[in-house]
Amino acid sequence: MDCSGGVFHLRFPSTFLSSKKGHVRKHLFRAAALVGLVGLACSDGLEPVPFQGISGTVSFVGEVPDSTDWVRLVAYRDLPQQPLDLLGFAAFSDTLPLGVQNPEFILGLDAARYAWLPIVWKRQDAPLSPEALRVIGWYTGGSGPFDPPQPIEVETNAETGDLTVTGDFGQLLTAEEALEAIR
Amino acid sequence: MRHIVPFLVAALCIPSTARAQGTGTVAGRVLDADSRAPVATAAVRVKGTVLIAFADHEGRFVLGGVPAGTRHLSLERIGYAPGEAVVEVESGGTVRVEIELEPRAVAMGEIVAAVVKRSSLSTESPVSVAVVEEEEVLRRVSETVADAVAYVPSAQFVGEQLNIRGSSGYARGTGSRVLLLIDGVPANAGDSGAINWDVLPVIEVERIEVVKGAGSALYGSAALGGVVNVVTARPPEQPLTKLRLRGGFYDDPPFPEWIWANQTLGYASGELTHGRRFGDFGAWVQAGQWFDDGYRQAGNLERTTLSTQMELASSRDTLTVFGSWASERYGSALLWCIRGECRDDSNLAYQPLRIPTSARDDRTRSDKARAHLIHERRWSESFNSRLRFSYQRNDWETDFGDELLGSVADVFGSELQLGWQAASWLYLIGGGEGSYTTVEANLFGGHDMTGAAGYLQAELGVLPWLTLTTGARYDRVWVDGTDYADELSPRAGLVLRPHRYTRIRASAGRGFRAPTVAELFTATEVGGFLVIPNDSLLPERSITTEVGIRQLLTSWLSVDVAGFHYDLDNYIEPDTVATPEGEVTIRFGNVPSASIRGIEAIALTSFFRDRLIARVAYTYLDTEEDATGQALAYRPTHMVTAAGTFTLGRLELSADYRYASAYDRVKVFTNPRTDPIVPQDVLDLRAAYRFGEQVIRFTVDNSLNYAYTTIERNLEPIRRYTLSLELQF
């Protein structure tokens, strides 16, 4: 609610100034209570927030392995230099649907530059650890899943859309292999 | 210590002197000073003793065992100025008296039964207690008991979970730290411990008592953070049929980008009750039906309720049988949709009235049944007993499309309570309680829980201006036949009456709560996270202290201020943990220690000869997890409630305002773009017009159409307009 827009108007009775002392006190008391309540009623509630992040399509290549648990798109602000840096991701998408050849993706992100957007595959029946994860491609600006990574810029209150990322189930790169490929 | 000794000497000497005098009986009638109508439920107390009686529907009362001599009676009832009378009691005799009470909106206290397991005055309670009278329930056009409790100072709903002074937090209703009683009989669900607010017909609620602070010393587990006791109406003296019809619609959302339906969304309900008496036997029967389109996608609801109460009363015995059944079907909209989860999201970060496309067909069926039988017997003027048996079933099932989750929980309970006015200065309450719960669920498995408890409490009117209350309860809990926990919960309190219009209260007590079957054994998947059981979960404990004062300042202003402190040990909260294999999971765990402290201030005032009655309350909360220094999740720092009613002849205008500051912390979704945390700021407006006994009401709930949440990704109801008709014949 926008209180600066004059939604509330306090109207004092015409007798306010001319009334006797006791009545003035009563009126003041009530006015103070009203002002207090109006003040509290000035909270900012929820309002529409434009989406900020990236969206686009993933293009899967090859047969989905039977051992697949899930596949997600992950965003990194900087290119990882060593396996430990892989834990420093900015955000990851929901699980991508595997029964579709070209599923759409969407990922909310802070306004910033993102250096690497890999597609990460996880093996079934394995705990969530680097050993169970593989990289099957990343955003390159073109169709090659393992070409040099292309950075993207997310601007405030804006959606960077129409990105296409290719994921190749025939090439499941380990963390070390993926780091080697983006150097 | 040297101050305590003479105090104790006085306490021991004065009562024995009084007891040596012999006793008599005071019988009388309480009348309205203006209309000469009987004043039912007025409390009549013999000053300087713990003797108390309550006027019946004819305004009549009988006080037995009154010490002989000149005795001062004090009378109190909400809506009337306190009254006094002096009587001369002869040993073995009966003195008759007629007392008039002056109507007045701002008075000292109301009758409550939940604080000490017998009817007493809220002003004589060592802990804070609030009472919601029937008229308030009707004025707010409440659909469920929850709608009426939401306006109680320091009470706040987080989702569907009631927090009293920040006690509960949020875990989808699981592990409530507030105990719901129906006429003193526990009614929390057997599997999750949640409160099902729809199990009671609002149309037959006489009053709702909200006890703030640990009630474990009398009620055991689940009463760690407070007690809500719903007192149902007794069968009427004359045949009475009540019909309540209600209908309305939701306004457009505050922003056009959020509109999701191309039609008006409405709701309607009807409740019918009929009650009458045949000599000593009386009964009422209720039936109700609700339809609601809901204000958000998949928010529709259908509810049917049936309930009855039967009473067989003689001069010494009262047998009460209560039964209720409620069946609901509703959409299981758990979370709003964020960009990409639903169609037509208008490229917004979140759509608060839409839900993810994949969840649109998720539905829940929930059936609840309960019954209790209470036999009360007055063995003599000073000794009474209360025996009860109860049964409750909660049966629910949620269809998530690819998965069906459900649970059936049965709770059998029994209690024998004895009350003894051992002397004019001493009232003893003791009893034993047992419960047996069985749960069969595909997300908890099959389990049983058995509880046994004994309690004793003494109320000592040691001096005319001082009442002490002390007692303890011992609880033992078995899970699947294995000894799980045993707890002693002592409590002590005092009420000082330094002046006729002043009450000072202080209390300290220990509370405990055994984890529910859901907290111990839940194994499922929620939002992609695995929820794992934790059978090493420990019971949680608290030490609650409170000091408060209630002061009637003038004939038009009373204030009540209280400071409170909870020390919590092994506090049970859902948390994320990594398994030894490194997988991130959710389970219920113990937070080693945490504290909640705060201040509550309430002012009640009236103007223009009680035509305008207003109440303003403020609560300050300071919570902290000792290990991390962080605030406890889902607790606001500031809460304000204000209510005002203006009556002009047949017309009544009223408003309710609720404010709670934004939480410092939530548990699950913390992205400020998709899960913003905002204050709660709600103003409800109401008007009523009376035609004799018939009333027509018009209400605008959330009149500012303020958009807010109490838990992540769940928008609270937007503005709605309701027309209600209450007919009696």
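Modeller: Strands here are DSSP runs of E, at least two residues, numbered from the N terminus. On that numbering, N705(B) sits in the loop between β41 (694–701) and β42 (709–711) of chain B. Keep in mind that this is a predicted model.

Colleague: Is N705(B) buried or exposed?

Modeller: Buried, because its relative accessible area is 8% and the cut-off is under 20%.

Colleague: Which other residue in chain B has a positive phi although it is not a glycine?

Modeller: R165(B), at about 55 degrees. R165(B) belongs to the loop between β12 (161–164) and β13 (178–182) of chain B. Its relative accessible area is 1%, so R165(B) is buried too.

Colleague: Switching to rings. How many aromatic pairs over all chains?

Modeller: The count is 21. One of them joins Y170(B) and Y634(B), edge-to-face, with 5.8 Å centre to centre and 65 degrees between the planes.

Colleague: Where do Y170(B) and Y634(B) lie in the chain?

Modeller: In distant parts, 464 residues apart. Y170(B) is in the loop between β12 and β13, and Y634(B) in the loop between β37 (612–625) and β38 (638–648), both of chain B. Y170(B) counts as buried at 10% relative accessibility. Y634(B) is buried at 3%.

Colleague: Which ring does Y634(B) pair with besides that?

Modeller: Y663(B). Their centres are 5.8 Å apart and the planes are at 80 degrees, so that pair is edge-to-face. Y663(B) lies in the loop between β39 (651–660) and β40 (680–691) of chain B, so the pair ties together parts 29 residues apart in sequence. Y663(B) is buried, with a relative accessible area of 9%.

Colleague: And chain A: which residues do ring pairs link into a cluster?

Modeller: Y76(A), F89(A), F92(A), W116(A), W138(A) and F146(A).

Colleague: Last topic, charges over rings. Which ring does the charged end of R713(B) sit over?

Modeller: The ring of F669(B), 3.8 Å from its centre.

Colleague: And what does R720(B) lie over?

Modeller: The face of Y267(B), at 5.3 Å from the ring centre.

Conventions: Residues numbered from 1 in each chain as written. Chains lettered and ligands numbered in written order. Predicted model: local features only at pLDDT ≥ 70, side-chain atom pairs only at ≥ 80, totals over all residues. Heavy atoms only, no water. Helix = DSSP H or I, 4+ residues; strand = E, 2+ residues; numbered from the N terminus. Buried < 20%, exposed > 50% of the residue type's maximum accessible area, 1.4 Å probe, protein only. Phe/Tyr/Trp six-rings, centres within 6.5 Å; stacked < 30°, edge-to-face > 60°. Lys NZ or Arg CZ within 6 Å of the ring centre and 35° of its normal.
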